[in-house]
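Biologist: Can you put the model up? I have a few things to ask about it.
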Amino acid sequence: MKVAIYGQYYQNSTEPIIKDIFQFFNSNNVEMVIEETFLKMLYEKELIKNDYKTFSSSTSLDSSFEMLISIGGDGTILRAATLVRNSGVPILGINAGRLGFLATVQKEKIDSFLQFVIDKKYTTTERTLLSLTCEPQNDAIAELNFAMNEVTVSRKDTTSMITVETYLNNEYLNSYWADGLIISTPTGSTGYSLSCGGPILTPNVASLVITPIAPHNLTARPLVIPDDTEIKLRVSGREDQYLISLDSRISSVKNESVLTIKKTDYKIKMVEIPGETFLKTLRNKLLWGEDKRN
């Protein structure tokens, strides 16, 4: 069995996790291929000493890999998705962060959950991605022009609102006067969109969410739409530019640029360990059922 390893380093919480993972896989003769920047950090921190093969992009990942192990939080998984892309290699998230909906394996149960990997007793779920094109073309987003959580437009260098003219399949929807607008996948519905009042979608729902950020027109509410909808945005404001983010990657875009957002023709696979379902994660992370009346 061969797995790819990618991670972020948090000194207080990550070191024991890294040691447990490497010890487990080495003792079970699992071949590990480490993302090159992460491996360099592991050597610098003297967490490992052996030599390992490395990878640096999706072109290095193929069907010979059982999965990619992501060590960190949800943000680490979003960065891992930029490495996986359309390779078809599923991602298993091991949580070294705090509030995570994607990194479901907790550090206290690493050995037992990784045994499921060895025994191939796991399933995968598919997560929708959004692609973004900009007219005129923006070179900063030309290559990594996709997002697993959300595409967001927001104001830049000003406290004034922006106006986001929105079209669905070329039909005019609304002009949002707001701090910004979030276009969220079901995966991203538990992220920024949720904090702005958007609904929670289960991962397998074929829908997207449009959520305004602090809208001035108070009748503007989050809207759920089919995920095969093509969304076009034209943003204007008092400044010459506004911000656009694809998950955690941020770029500046000129006013009046036209953004086209739609579902990609491929999906990211996420590993689901028995007993660690999305609904269980919701209950645990949002403390549902903690009310004494339940």
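Biologist: What does the lining of the second largest cavity have by class?
Modeller: Five nonpolar, two polar and one charged residues. Bear in mind that this is a predicted model.

Biologist: Which residues line that second largest cavity?
Modeller: Phe101, Leu102, Arg127, Pro186, Thr187, Thr190, Pro203 and Phe278.

Biologist: And what volume does the second largest cavity have?
Modeller: About 40 Å³. The largest cavity holds about 100 Å³ of space.

Biologist: How many cavities of 30 Å³ or more are there in the whole structure?
Modeller: The search finds two.

Biologist: Which elements supply at least two residues each to the lining of the largest cavity?
Modeller: Strand 7 (123-127), strand 20 (268-272) and helix 6 (278-286). Strand 20 gives the largest share, three residues.

Biologist: How does the lining of the largest cavity divide by class?
Modeller: Into five nonpolar, four polar and three charged residues.

Biologist: Changing topic. What is the strand order in the open sheet of six strands?
Modeller: 15-14-13-10-17-18, with antiparallel pairing. Strand 15 (223-226) and strand 18 (249-254) are at the edges and have a single partner strand each, so one side of each lacks a neighbour in the sheet. From one strand to the next, the twist averages 20°.

Biologist: Over how many bridges do strand 10 and strand 17 pair?
Modeller: Four, between residues 150-154 and residues 241-246, in the antiparallel sense. Valine 153 is opposite isoleucine 244 of strand 17.

Methods. Residues are numbered from 1 along each chain as its sequence is written. This is a predicted model: local features need pLDDT of at least 70, side-chain atom pairs count only at pLDDT 80 or more; totals for chains, interfaces and linings use all residues. Side-chain values use heavy atoms; hydrogens and water are left out. Two strands pair if DSSP finds at least two bridges between them. Axes are lines fitted to C-alpha atoms, for helices over the stretch in contact, and angles run from 0 to 180 degrees between N-to-C directions. On a 1 Å grid over the protein atoms alone, a cavity is a set of points where a 1.4 Å probe fits but cannot get out, and a pocket is an open set with protein on both sides within 12 Å along at least five of seven lines; lining residues have an atom within 4 Å of a point. Grid points are joined across faces, edges and corners, and a volume is the space filled by probe spheres set on the points. Ala, Val, Leu, Ile, Met, Phe, Trp, Tyr, Cys and Pro count as nonpolar, Asp, Glu, Lys and Arg as charged, and the others, Gly among them, as polar.
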